[in-house]
Structure formats: C-alpha cells, structure tokens
Amino acid sequence: MVYDKAPKFLAFERESRNTTFLSDHQKGLIDAIEEVFPAASHAHCMRHLEENFRRTFKTPALVVVLWRAAYFTTENGFNEALSEMDSSSPAAAIWVRDSQPTHWDRACFDGEGFRHLTYNVAESFNA
C-alpha cells in the first residue's frame, strides 16, 4: 500500500479530519491523498483554477469575480458573485458551477477550513 511509504511522523494524520491538502487537481495526486490520508480534505489551488478559467474566458473582470467568489465565507456571498458573473457571462457562471466549488470555495468547502487559496505560498509572494 502507498501509505506504508508515508513517514512515520505523518501516521497520526492518516485518520485526522483536521488535515487539508491543497493541490493543482492532478488525478494521481488526488488518488494518492485519498489512499494515504482517507480522512483528510482536499482543496484545489485557486491559482491553477484561475489559469484554466482565463484560457476559456479572457475577460479580466470575470477573473476578479471568480476570486471574490472564492474568498466569500458565506454561501449567500458566493451566490451573489455567481449571479454577477451570470449577468456578464452565463457560460462563465456555468463553468464555475461545474468546477467543483466544494473543493476551492471557502463557503462551499466541506473540509476543515484553510487560510490559503493557493498551494504554494512562496510562489504567490514571488509573483
């Protein structure tokens, strides 16, 4: 099993619901996290989500709304941002709804809360 290779100091985290992993949504990584840390939550990196969003919707104003939606801590706030996006670009709002907000939006995330919306804090500071 993959978890046999996990460092011993992480063994206590295997069953912890307090652990949240933040990644760029790579299929192999998602599967490995689920196997090694079955109780952990898995969040998607907003920077990578934004890159994918920008490739499809090249309007900077929509990107701003996407980030606002991600930072809202209430479902009402998230829905307000999506309504705003829907009035500008219904296709963008559909894209966001289909992007699994339960893995990246603070209001919808069903795991332990997290403070960072990107997985590489140093990379964010460098940018």
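Predicted model: local features only at pLDDT ≥ 70, side-chain atom pairs only at ≥ 80, totals over all residues.

Student: What makes a stretch a helix or a strand here?

Tutor: Both are DSSP runs numbered from the N terminus: helices are H or I with at least four residues, strands are E with at least two.

Student: How do you know that the span of helix α4 agrees with its number of residues?

Tutor: The expected span is 1.5 Å times one less than the number of residues. For the 14 residues of α4 (residues 75–88) that should give 20 Å, and the end C-alpha atoms are 20 Å apart, so the two agree.

Student: Which residues of α4 are buried?

Tutor: Gly 77, Phe 78, Ala 81, Leu 82 and Met 85. Down the axis of α4, these buried residues fall within an arc of 135° (taken from the directions from the helix axis to the C-beta atoms), so they line one face of the helix. An α-helix has 3.6 residues a turn, so residues three or four places apart point the same way.

Student: And what does the face of α4 turned away from the buried side carry?

Tutor: Exposed residues: Glu 75, Asn 76, Glu 80 and Ser 87. On the buried side, α4 packs against α2 (46–56), α3 (60–71) and α5 (90–97).

Student: What makes one face of α5 the buried one?

Tutor: Ala 92, Ala 93 and Val 96 are buried in α5. Seen down the axis of α5, they fall within an arc of 100°, so they line one face. Their cover includes α2, α3 and α4.

Student: Why are β1 and β2 called paired?

Tutor: Two strands pair if DSSP finds at least two bridges between them. β1 and β2 have four bridges, in the parallel sense, so they pass.

Student: Which way do the residues of β2 point?

Tutor: In β2 (residues 41–44), Ser 41 and Ala 43 point one way, His 42 and His 44 the other way, and all are buried.

Student: Why is Thr 20 called partly exposed?

Tutor: Thr 20, in strand β1 (residues 20–23), has a relative accessible area of 25%.

Student: What makes a group of residues a nonpolar core?

Tutor: The members are buried Ala, Val, Leu, Ile, Met, Phe, Trp, Tyr and Cys residues joined through side-chain atoms within 4.5 Å. The largest one has 19 residues, and Met 46, Phe 53, Leu 66, Met 85, Val 96 and Trp 104 touch the most other members. Helices α2, α3, α4 and α5 each supply at least two residues of this core, and α3 gives the most, with seven.

Student: What is Leu 66 in contact with?

Tutor: Contact means heavy atoms within 4.5 Å. Leaving aside neighbours within four places in sequence, the contacts of Leu 66 are Met 46, Leu 49, Glu 50, Phe 53, Met 85, Val 96 and Trp 104.

Student: How do you know that Arg 68 and Glu 84 form a salt bridge?

Tutor: A salt bridge needs a side-chain nitrogen of Lys or Arg within 4 Å of a carboxyl oxygen of Asp or Glu. The closest N and O atoms of Arg 68 and Glu 84 are 2.2 Å apart, so the pair qualifies. Arg 68 lies in α3 and Glu 84 in α4, so the pair ties together parts that are 16 residues apart in sequence.

Student: How many salt bridges does a search of the whole structure find?

Tutor: Four. Another of them is Arg 54 with Glu 50, with 2.7 Å between the closest N and O atoms.

Student: Is Glu 50 buried or exposed?

Tutor: Its relative accessible area is 14%, which is under 20%, so Glu 50 is buried. Arg 54, at 40%, is partly exposed.

Key:
Residues numbered from 1 in each chain as written. Heavy atoms only, no water. Buried < 20%, exposed > 50% of the residue type's maximum accessible area, 1.4 Å probe, protein only.
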